[in-house]
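The sequence and the structure are shown first, and the description follows.

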Amino acid sequence: MSESTKPHHPNPQGKGEKTHGSDFSYVGIDAILEQMRRKAMKQGFELNVMVVGQSGLGKSTLMNTLFKSKVSRKSVQPNPEERIPKTIEIKSISHDIEEKGVRMKLTVIDTPGFGDQINNENCWQPIMKFINDQYEAYLQEEIHINRKKRIPDSRVHCCIYFIPPTGHCLRPLDVEFMRRLSKVVNIVPVIAKADTLTLEERDDFKQTIREELRANGIDVYPQKEFDEDADDRMINDKIREMIPFAVVGSDQEYQVNGKRILGRKTKWGTIEVENIAHCEFAYLRDLLIRTHMQNIKDITGSIHYETYRVRRLNESNGHFSPHPSDHPAPGGAAQPNGVAAQHEARSHEM
């Protein structure tokens, strides 16, 4: 057949068709990332942080420093007889924070009165009850037949535990609190007001605390057993070597070398809060906000809450009460086996 009579089919190797060929092979799976980003931006984010420690350790100041806004405010100066609460109080303050179009609802849960009494026996119980109550509230919303499209999340995602800068060892109260609470919430221990220690004292204190945590079987965040892969393990091992973070908080700005910095001014100079040579505030901020926030929330939901949920559903096989047995509801009224029945019905539907 002569060349002039040959049918003119498109040439798949033509210059213009190469681009079409590469486009044709593109499915677009990576677009899911943009879809997730848009959806997350619309919904916003939630983070619930509990701060625990005795009075005077700078809990409110540190939270204000972390989020660079007045997210934790001290109340009106109390009367002398009311300065130390007779019992532990739980106070929650919620704020809507926005940065570069990203919205986050931050809830700071403070625990005034913790460790301030002469007898601090069982002072962790109100805190434990509060954490479990948030799990219970979430569970009750979750088991409704017609449940909300998005369940309000009041579960405590992280507990920052403030250790006094004694430079010696953990107090029995510190050990007992972290031993009990580490089983139900992510605990991040910090040495408060670390500028009261020399660098040598600080390093020795941190090493002593790490040894005591290991000796007492206290597993603080990030927990080794939840490392997902070798990369996670390598990153988290570096964090575990720094825990507890020696931090300094301040919401005061000063001029240093022509730059405005957050710091604390002393007669010897200015302690720069965000300077890693002065303290480890920057590492704590990165852990809580910039690198591990989602992981902290994931562990809360898939580990701590799941453990609570399984226990409650197992309890419901025999007898179901609105609250765990160690926290009976007022009046002690029992409810029918609704949790197990609904859970079983959903399991059969799947």
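A crossing of two helices is called right-handed if the near helix is turned clockwise from the far one by less than a right angle, and left-handed if it is turned anticlockwise. In this predicted model, helix 3 passes helix 8 in such a right-handed crossing.

Helix 5 (residues 172-181) is largely enclosed by the rest of the structure, because 7 of its 10 residues are buried. The buried residues of helix 5 are L173, D174, V175, E176, F177, M178 and L181, and the elements listed below are among those that cover them.

| Element covering helix 5 | Residues |
|---|---|
| Strand 1 | 45-52 |
| Helix 4 | 125-142 |
| Strand 4 | 158-163 |
| Strand 5 | 187-191 |
| Helix 6 | 199-215 |

An open sheet is formed by 3 strands in the order 7-8-9, with antiparallel pairing. Its edge strands, each pairing on one side only, are strand 7 (253-256) and strand 9 (269-272), and neighbouring strands of the sheet are turned against each other by 70 degrees on average, direction ignored. Strand 7 and strand 8 (residues 259-266) run antiparallel and are joined by 4 bridges; Q255 stands opposite R260 of strand 8.

Terms used: Residues numbered from 1 in each chain as written. Predicted model: local features only at pLDDT ≥ 70, side-chain atom pairs only at ≥ 80, totals over all residues. Heavy atoms only, no water. Helix = DSSP H or I, 4+ residues; strand = E, 2+ residues; numbered from the N terminus. Buried < 20%, exposed > 50% of the residue type's maximum accessible area, 1.4 Å probe, protein only. Contact = heavy atoms within 4.5 Å. Pairing = 2+ DSSP bridges. Axes fitted to C-alpha atoms, helices over the stretch in contact; angles between N-to-C directions.
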